[in-house]
Amino acid sequence: MTFFDQVHAVGPALALYAGAGAVLSADLLQGRRASIWGLAVVAGVVSLGWTLAQLIVGVEAGALGGAVRVDAFSIYLAAIIGGVVLAVTLAAREWASTLEQAAEFYALLLVSAGSMVLLAQAEDLITLFVALETTSIAQFILVGITRNDRSSEAGLKYLLTGAVAAAILLYGFAFLFGMAGTTSLEGIAVWVASAPEAQRLPLMLAFVFVAVGIGFKMALVPSHAWAPDVYEGSPALVATFLSVASKAAGFAVAMRLFYTALGGGDTFISQDWGKMFAVLAALSMIVGNTGALLQTNAKRLLGYSSIAQAGNIAVGLAAVAAGSTAGPSGVLFFLGAYAVTNVGAFVVVSLVADRLGSEQIADYAGLVKRSPAAAIVLSLCLVSLTGIPPTAGFVAKVYVFNAAVQSGERWLLALVAFAVLNTAISAFYYLRWVRTMILDEPRDATPFRASGGVQFVLAVSAVGVLLFGLDPSPLIQAAQDAAAALL
Amino acid sequence: MLTLFLLLPVAGALIAIALPAAREGEAKVIALAFTGLNFALAVVMYVVFDRGVEGYQFVERFEWIHGAGFTVQYVVGVDGLSAPLIVLLGLLSMVSVLVSWKIDVKPKHYFAWLLILESAVAGVFLSLDLIQFFLFWELELLPMFFLISQWGSGRRVYSAMKFLIYTLAGSALMLVGFLVIGFGAKTFDIEALTKTPPQETIVPLAIVFWAIMLAFLVKLPVFPLHTWLPDAHTDAPTAVSVMLAGVLLKMGGYGILRIVLPLMPNEAHDFSKVLATIAGFSVVWGAVITLRQTDLKRLVAYSSVSHMGYVLLGVSALGPVGLSGAALQMFTHGCITGLLFVMVGMIYDRTHTREIAKLRGLMHHMPLIGTVFIVAGLASLGLPAMSGFVAELTVFLGSIEAHPAATMAAVFGVVLSAGYILWTVERILHGPKTHDFHDLTDAKQWWEITAMAVLVVAIIGTGIWPAVLTDTVRLGIEPIAKIVEAAS
């Protein structure tokens, strides 16, 4: 493998890191006059373009001495992460210009995203952990970047829970390394395939620790408690990034660990970890949905919704273990659909917070009269989060639930029945919000407009939600190719 | 051809919306042209329809979502059950444009919504895939909601919201039911599911049966799920009442015949007594409430609850005769109640009141409107030689053996309906001339005459020559009846 092949493999991450460096240097050299926003956008575009180039050329190789692996799976996730970071950057121009540390904001965003791309590629426990920590540390600062009380409190909360989760994850890694004697995921897989039955208990301990540790990124119970507080306290665009890119990266790591390292559905412990994810999924759904019912703050509501959605996605992880191959592709499809949907929802929340100075759902009353575009996009996204056709969220839910049902296992059928019940609960708070926007009379009917970048992001999100709902076949194909690379 | 039927109104709506504000008044011409064209298309389809074979005709299909472990298709097709309903839809859409001729508040939006409504309902009658069916079922809510809440009268926003919530609650359950069936059978194709009804599902089929049935019973509607209907009717503009009573209620009956019975025949047998009881009660209770109404439009609305009970009664008999009766009743009730709402609208336009107590002696001033009102009323109470008679008789013949008590109750409902119709006619049309109404004009405008004429022709035509309808309906009902009888 030549040097250029190596560079090409990690190109998308490299572009984001380089962008971060360029932003900081420009700020240092030119100060306020520098067009740091433009540099950040260029970095996002280059990263996304590079990912697409990898897709077209069709790279499938390990690089950097086996630390990372570029395949359809990592490309799929790199595309999601690159898309989200580009969307956040585009939407952030107006808001970030009011920020004292605008350059740091963009730089940290890019570093965090770059590490997430590496995370999706990681083939080795050490790489995985380092990338994960780089992502997290950048995020701790991002959450607190506005430096007011709420933001700082959220940042500290995120830091503390994140540190605990990282410690637990590392503990799980230590178990894996101790038993398998290697940090390479493929090496662990080889060991698991021939592991004696006596290793069942330590292995179970290992994957419980791993699931709890990585569950922090996915906002999955029992590592979910930070989500509402941190979403509420952090700037809306940072919350966008956390809720979509961070969740996608978390699931990516979980899939790499549980499919590649633990051998997917073929090993003697796959039933065990499948059932564990079934329990975690059920708990996440009920905790998220009942929590969201009473919320009056838009970002807190989306925080609980994010926990519930993590539960929905985890149904796909549980399905895998029962030998259902549709599971991993269902998870990947869901992540794609969730990305376009949640970005749209959060960007509207950010816009409203900016223009109205409020995050209370009551203040969304009559939004359709004040900014029809924002109200329609947010309604569409909420309908998609509920899972009503013809939106992406509907296809995603049906995909994942169907995967679980096809396995024929009783406990998975029960899980799906429970998930359907939860969807009914979620319809209540999602559609109530839609109702407020469309039917209630606004207290103040002055119209407002979004900036060009925000309008663009909202348009892309709305088109994506409808496109993946009406013609999901291309995304389904991509998700299946990605899943095939994983297995 | 069917896809064209589905898309023509949407094309009309787009053209209407694109009109410049100065020429907004021309929207009605566009709407009439497109609904007229669509009606012509429906008639051609009905004539060409091959009455020699069972099953779906004019089928068009392509795979829409595939590869994710399940397949969702776009499939449209008609059989003997849906073909008459498509003609009815074409007819009533045209009539509803005619009776809206004087709408001048935001006309281009109004007619665009009306056209979209036609497309949505057409989608429900034509879809042969459960998910596609559901999409059109939901799509119909949007135009209805806006038509009632923007162009209605009285407590229009409240009524529109009530309509929306009732239907949404029902359809959420329906979607869950569809998904359970689809997951179990690995297909959403109605034709395939009819051939091999689902056996193993994650939720007991009895629950699925009621989840889906509830959505259709809300739409039909029957007691106690009907309370949205009088409000929606009373506050809706005339054209929307015509569409609502004429075709939207039929979506409920159609869904039961097309989806519930063929896919879950065993459960239909298990619960046929329950359904018959609801139906019998609904007929009588609806008729009694109708008797007490003081608002002319509410009166017609409640009479619909009573009359749609016949549809459920025919269904609950689960035999070929009863099912045919239900299908016939859907068609004839569409024409008759459509006409009644047209007449109520015309009376209201002239007298500006719907209070029965304030109306009297209208026959002196408006002989034509009065006469047509009487024709519609007589058809509604089931006078022989009109379409209502054929349908009701068939329902009773079909159900008397299976559910004698419910049938007797329903026959009593006919007596009550004769009561409220004749009493209403007596109160508002006859009696001495009053000074209040001395300057009223009769229906003279061409659009009013046309709207009345086509519906009267349809009602009397199918009454004296029922074969034009029954031959086709039988073709659609027989395969369903076979499945249901085989399951008993």
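**At what angle do helix 14 (residues 296–317) of chain B and helix 18 (residues 387–399) of chain B pack, and how far apart are their axes?** The answer is about 35 degrees, with the axes 8 Å apart. Axes here are lines fitted to C-alpha atoms, for helices over the stretch in contact, and angles run from 0 to 180 degrees between N-to-C directions. Helices are DSSP runs of H or I with at least four residues, strands are E runs with at least two, and both are numbered from the N terminus. The crossing of this pair is left-handed, the label used if the near helix is turned anticlockwise from the far one by less than a right angle (clockwise would be right-handed). Helix 14 of chain B brings B:Y310, B:L313, B:G314, B:S316 and B:A317 to the contact, and helix 18 of chain B brings B:E392, B:V395, B:G398 and B:S399. Being in contact means that the C-beta atoms, placed from the backbone, lie within 7 Å. By class, that gives four nonpolar, four polar and one charged residues. For these classes, Ala, Val, Leu, Ile, Met, Phe, Trp, Tyr, Cys and Pro count as nonpolar, Asp, Glu, Lys and Arg as charged, and the others, Gly among them, as polar.

**A note on the model behind these views.** This is a predicted model, so to speak of a local feature takes a pLDDT of at least 70 and side-chain atom pairs count only at pLDDT 80 or more, while totals for chains, interfaces and linings use all residues. Residues are numbered from 1 along each chain as its sequence is written, and chains are lettered from A and ligands numbered from 1 in the order in which they are written. Chain B averages a pLDDT of 88, and 100% of its residues score at least 70; pLDDT is the predictor's confidence in each residue, from 0 to 100. For the complex, the predictor gives an ipTM of 0.75 and a pTM of 0.85.

**Helix 4 (residues 107–126) of chain B packs with helix 6 (residues 141–151) of chain B at about 150 degrees, axes 9 Å apart.** The two are therefore roughly antiparallel to each other; the cut-offs are under 35 degrees for roughly parallel, over 145 for roughly antiparallel, 65 to 115 for roughly perpendicular, and oblique for the rest. Helix 4 of chain B passes helix 6 of chain B in a left-handed crossing. On the helix 4 side, look for B:Y110, B:W113, B:L114, B:I116, B:L117 and B:A120; facing them from helix 6 are B:P143, B:M144, B:F146, B:L147 and B:W151. The tally by class is 11 nonpolar, no polar and no charged residues.

**In chain A, helix 5 (residues 102–121) and helix 6 (residues 125–143) pack at about 155 degrees, with axes 8 Å apart.** That makes helix 5 of chain A roughly antiparallel to helix 6 of chain A. Residues that meet here include A:F105 and A:M116 from helix 5 of chain A, and A:L128 and A:Q139 from helix 6 of chain A. Their contact has 13 nonpolar, five polar and no charged residues.

**Strand 1 (residues 57–65) and strand 2 (residues 72–78) of chain B run antiparallel, joined by six bridges.** For pairing, DSSP has to find at least two bridges between two strands. B:Q57 stands opposite B:V78 in strand 2 of chain B. Between the strands of this hairpin are six residues, and B:G67 takes a positive phi near 95 degrees.

**Where chain A touches chain B, 23 residues of chain A are in contact with 16 residues of chain B.** Helix 14 (326–356), helix 17 (392–406), helix 18 (410–439) and helix 20 (473–486) of chain A each supply at least two residues of the chain A side. That side divides into 18 nonpolar, five polar and no charged residues.

Most residues other than glycine have a negative phi, and most peptide bonds are trans. A:P389 and A:P390 are joined by a cis peptide bond, with omega about 5 degrees. B:K186, not a glycine, has a positive phi of about 65 degrees.

Definitions and conventions: Two residues are in contact if their C-beta atoms, placed from the backbone, lie within 7 Å.
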